[in-house]
Amino acid sequence: MNKPFLKWAGNKYKVLPHIIPFINEPNQYIEPFVGSLSVALNVNAPICVLNDNNKDLISLYNCVINEGDSFIDDCESYFHEGNDETVFYRNRELFNQTTDMREKSALFVYLNRHCFNGLTRYNRKGEFNVPFGKYKTTYFPKKEMQQFKEVMQNKSLIRMTSYDFADDSLYENVNEKTVVYCDPPYIPLNATSNFTDYSSDGFNDDDQVRLKNLAVELRNKGARVIISNHDVERARELYSDASKIISIDVSRSISAKKDSRGKVKELIVVY
């Protein structure tokens, strides 16, 4: 399996053996919440439409695809100063202030590997605000970035976009040879949980309903739609009209609190 080069909360890499068989090898693959792209990197499809509402993330992916090794080398240069707290906050400030998207994209990789728990989070002003991560060592994912470049450049057609997940332009050519995989911000496990902090816009219950309705609409056009979410009562109620629902145990690898790490149940829903 190809590994993503970013740390990412909710990364699907460890559960790919559960997800990939439902996706199989479509002619067109659409993913409206790409995150770390751990799923798309392992889907054999010539046409890919890959979207996330995090514009910084999409800008980074486009830089790797379009510029390749020269951009990867520039990303690596930020790692030469070690894991220094003063340098981290200087680079975080630069990330929040710069209007140079190439520079910002390179800094995104640095912040992802040096911030606390590898989290991606913005405040209401749209500023990256994750604090310093006190790691003994940090790892520059050169091999993984080069692998990402090669996989994506080998596609017949790839579109990287940053729209709302239900934007019509993402689904213009949907047919029976299309598979759509959705890994949205999850329904909270309980009233105090919140897994929407990576986006300043949030993702509420109305959005969960919009996603379910989109899945039904796309199924009616012939596409197969797969959705991941927490295995909670609200999710089972929401997806009660799905063709298939399975529950799996998933290990959390990124969490703000050590006592909240461990295994949780997630659903894989198929329309």
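Which residues in H3 meet which residues in H5? Keep that one in mind while you look around; point 3 comes back to it. The model is predicted, and here are my notes on it.

1. Start with helix H3, which covers residues 69–77. Its buried residues are Phe71, Ile72 and Cys75. These span an arc of only 100° around the axis, so they sit on the same side of H3. As for what lies over the buried residues of H3, the cover includes helix H2 (55–67), helix H5 (101–114) and H6.

2. Next, look at how H3 sits against helix H6 (residues 142–153). Two packed helices are described by the angle between their axes and the distance between the axes. For H3 and H6 the angle is about 155° and the axes are 10 Å apart. The two helices are therefore roughly antiparallel to each other, and H3 passes H6 in a right-handed crossing. On the H3 side of the contact you'll find Asp69, Phe71, Ile72, Asp73, Cys75 and Glu76, and they meet Lys142, Met145, Gln146 and Lys149 in H6. Sorted by class, the residues of this contact are four nonpolar, one polar and five charged.

3. Now back to H3 and H5. Their axes come within 8 Å and cross at roughly 60°, which makes H3 oblique to H5. H3 passes H5 in a right-handed crossing. The residues you were asked about are Ser70, Phe71, Asp74 and Cys75 in H3, which meet Arg102, Ser105, Ala106 and Val109 in H5. This contact has four nonpolar, two polar and two charged residues. Notice that Phe71 and Cys75 turn up in the contact with H6 and again in the contact with H5.

4. H6 has another partner to check, helix H2. The axes of H2 and H6 come within 9 Å and cross at roughly 75°, so H2 is roughly perpendicular to H6. From H2, the residues Tyr61, Val64 and Ile65 meet Met145, Phe148, Lys149, Met152 and Gln153 in H6. By class that gives six nonpolar, one polar and one charged residues.

5. Which of its residues are buried? They are Leu16, Ile19, Ile20, Phe22 and Ile23. Seen down the axis, they fall within an arc of 160°, so they line one face of H1. The face turned away from that buried side carries the exposed residues Pro17 and Pro21. Covering the buried residues of H1 are elements that include S1, strand S4 (178–182), strand S5 (224–230), strand S6 (244–252) and strand S7 (262–270). After H1 comes asparagine 24, with a positive phi near 60°.

6. Two other residues with positive phi deserve a look. Leucine 37 has a phi of about 65° although it is not a glycine, and it lies in the loop between strand S1 (28–31) and strand S2 (47–51). With a relative accessible area of 0%, leucine 37 is buried. Asparagine 117 has a positive phi near 60° and belongs to the loop between H5 and H6. Its relative accessibility is 15%, and since buried means under 20%, asparagine 117 counts as buried.

7. Last, two asparagines. Asparagine 83 lies in the loop between H3 and helix H4 (85–97) and is partly exposed, at 21% relative accessible area. Not counting residues up to four places away in sequence, asparagine 83 touches His114, Phe132, Gly133, Lys134, Tyr135 and Thr138. Leaving aside neighbours within four places in sequence, asparagine 11 is in contact with Pro4, Leu6, Ser36 and Ser38. Of these, serine 38 is 27 residues away from asparagine 11 in sequence, with 6.7 Å between them in space, C-alpha to C-alpha.

Technical notes. Residues are numbered from 1 along each chain as its sequence is written. This is a predicted model: local features need pLDDT of at least 70, side-chain atom pairs count only at pLDDT 80 or more; totals for chains, interfaces and linings use all residues. Side-chain values use heavy atoms; hydrogens and water are left out. Axes are lines fitted to C-alpha atoms, for helices over the stretch in contact, and angles run from 0 to 180 degrees between N-to-C directions. Helices (H or I, at least four residues) and strands (E, at least two) are DSSP runs, numbered from the N terminus. Angles under 35 degrees count as roughly parallel, over 145 as roughly antiparallel, 65 to 115 as roughly perpendicular and the rest as oblique. A crossing is left-handed if the near helix is turned anticlockwise from the far one by less than a right angle, and right-handed if clockwise. Contact means heavy atoms within 4.5 Å. Ala, Val, Leu, Ile, Met, Phe, Trp, Tyr, Cys and Pro count as nonpolar, Asp, Glu, Lys and Arg as charged, and the others, Gly among them, as polar. Buried means under 20% relative accessible area, exposed over 50%, partly exposed in between (1.4 Å probe, protein chains only). The arc is that of the directions from the helix axis to the C-beta atoms.
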